[in-house]
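Dear colleague,

Please find below the structure that I am handing over to you, together with its sequence. My notes on what was found follow directly after it.

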Amino acid sequence: MTILPDLTGYCLAFDLDGTLVETAPDIIGTLNEILADYKVPKFAYSDARKLVGRGARSLIQRGFAAANVPLDAAAEDPMVARFLDIYRDRIDRESTAFERLEDTLDALTAAGATLTVCTNKPTDLSVLLLTKLGLIDRFGSVRGADSVPDKKPHPGHLQACVDDVGLTMAKTILIGDSETDYLTAQNAGVPCVLVSFGYCDTPMEEMSPAALIHHFDELPTAIAGLAK
Ligand SMILES: O=C(O)COP(=O)(O)O
Ligand SMILES: [Mg+2]
């Protein structure tokens, strides 16, 4: 494994869905439960994975649109509430940390880095998921979209995570899977590491992150190149 530089004073802020955790199976499972109420056929996992990543409301809208079923605007709010209830009950049924995540976080923490989670998932669900997967104690701060006045890509969301752990943007790196994460890092003026294994509907070639990784094994080398 890469020899890491001293990362004391560094804040590594991670996105959650599609970056730390493969949450799509339970998110799509929840969508399929909602669609069944409306007699809409279930999505195959491979077809629905590309719909994930922009929150429950967008997923429902995209799910109905992809199935060519009109969605009454008045039905959306109760549907989102029901989605969140169902999802909470099955949040870790099939969701798993991406391969080699824990070894990699161990190495980064041992080198002195402080880890945080900056996600557009609701905070309570983020904490619940990380707790169920045994990951919560690794992070000095977990902030969902509801914990800040303006969510990602607003840089204030990232700033709040950095403030929580008493560090500075000058020594912060954002690790994410989507255009939202890329724009957040740009808006905050910090380097962005993008992972290619998450949920991104923008082609990776259209963004120019500081590093692009395809597996967590590659993250220490990427961080070593950025933390100087
Ligand atoms: O739930 C969402 O909207 C996306 O969550 P993420 O920011 O952890 O990818
Ligand atoms: Mg994500």
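**Strands and their partners**

Gly176 has Leu194 of strand 7 as its bridge partner. The model is a predicted one, in which local features need pLDDT of at least 70, side-chain atom pairs count only at pLDDT 80 or more, and totals for chains, interfaces and linings use all residues. Residues are numbered from 1 along each chain as its sequence is written, while chains are lettered from A and ligands numbered from 1 in the order in which they are written.

Strand 6 and strand 7 run parallel and are joined by 3 bridges. Helices (H or I, at least four residues) and strands (E, at least two) are DSSP runs, numbered from the N terminus; two strands are said to pair if DSSP finds at least two bridges between them. In strand 7, Cys192 and Leu194 point one way and Val193 and Val195 the other way, and all are buried. A residue counts as buried if 20 or more other C-beta atoms lie within 10 Å of its own, as exposed if 12 or fewer do, and as partly exposed in between, with C-beta atoms placed from the backbone.

Both strands belong to an open sheet of 6 strands with parallel pairing, in the order 5-4-1-6-7-8. Strand 5 (139-143) and strand 8 stand at the edges with a single partner strand each, so one side of each has no neighbour in the sheet. On average, neighbouring strands of this sheet are turned by 20° against each other, direction ignored. Strand 1 (residues 11-14) pairs with strand 6 in the parallel sense over 4 bridges, and Cys11 has Thr172 of strand 6 as its bridge partner.

**Helices on the sheet**

Helix 6 (residues 123-132) packs on the sheet, where it touches strand 4 (114-118) and strand 5, and its direction makes about 140° with that of strand 5. Helix 8 (residues 179-188) also packs on the sheet, touching strand 6 and strand 7, and its direction makes about 165° with that of strand 6. For these angles, axes are lines fitted to C-alpha atoms, for helices over the stretch in contact, and values run from 0 to 180 degrees between N-to-C directions. Contact requires that the C-beta atoms of two residues, placed from the backbone, lie within 7 Å.

In helix 9 (residues 219-226), the buried residues are Leu219, Pro220, Ala222 and Ile223. They line one face of the helix, because seen down its axis they fall within an arc of 160°, an arc taken over the directions from the helix axis to the C-beta atoms. Their cover includes helix 5 (101-110), strand 6 (172-176), strand 7 (192-195) and strand 8 (211-213).

**Domains and core**

The protein chain is divided into domain 1 (11-22 + 95-226) and domain 2 (24-89), with bounds that come from an automatic or database domain assignment. Their centres, taken over C-alpha atoms, are separated by 25 Å. To the contact between them, domain 1 gives 11 residues and domain 2 gives 9 residues.

The largest nonpolar core has 61 residues, and those with the most contacts inside it are Leu12, Ala13, Phe14, Leu108, Ile173 and Leu174. Such a core is a set of buried Ala, Val, Leu, Ile, Met, Phe, Trp, Tyr and Cys residues joined through C-beta atoms within 7 Å. Helix 1 (residues 24-37) supplies the largest share of this core, 5 residues, and at least three residues come from each of domain 1 and domain 2. Not counting residues up to four places away in sequence, Leu12 touches Leu108, Ala113, Leu115, Ile173 and Ile175.

**Individual residues**

Leu59 lies in helix 3 and is buried, with 21 other C-beta atoms within 10 Å. Beyond four places in sequence, Leu59 touches Ile27, Leu31, Leu51, Val52 and Arg54.

A cis peptide bond, with omega of about 15°, joins Lys152 and Pro153. Pro153 is placed in the loop between strand 5 and helix 7 (155-164).

Asn68, a residue other than glycine, has a positive phi near 60°. Asn68 is found in the loop between helix 3 (55-66) and helix 4 (73-89), and Asn68 counts as exposed, with 7 C-beta neighbours inside 10 Å. Arg100 is not a glycine either, yet its phi is positive at about 65°. Arg100 sits in the loop between strand 3 (96-97) and helix 5 and is partly exposed, with 14 other C-beta atoms within 10 Å.

With kind regards
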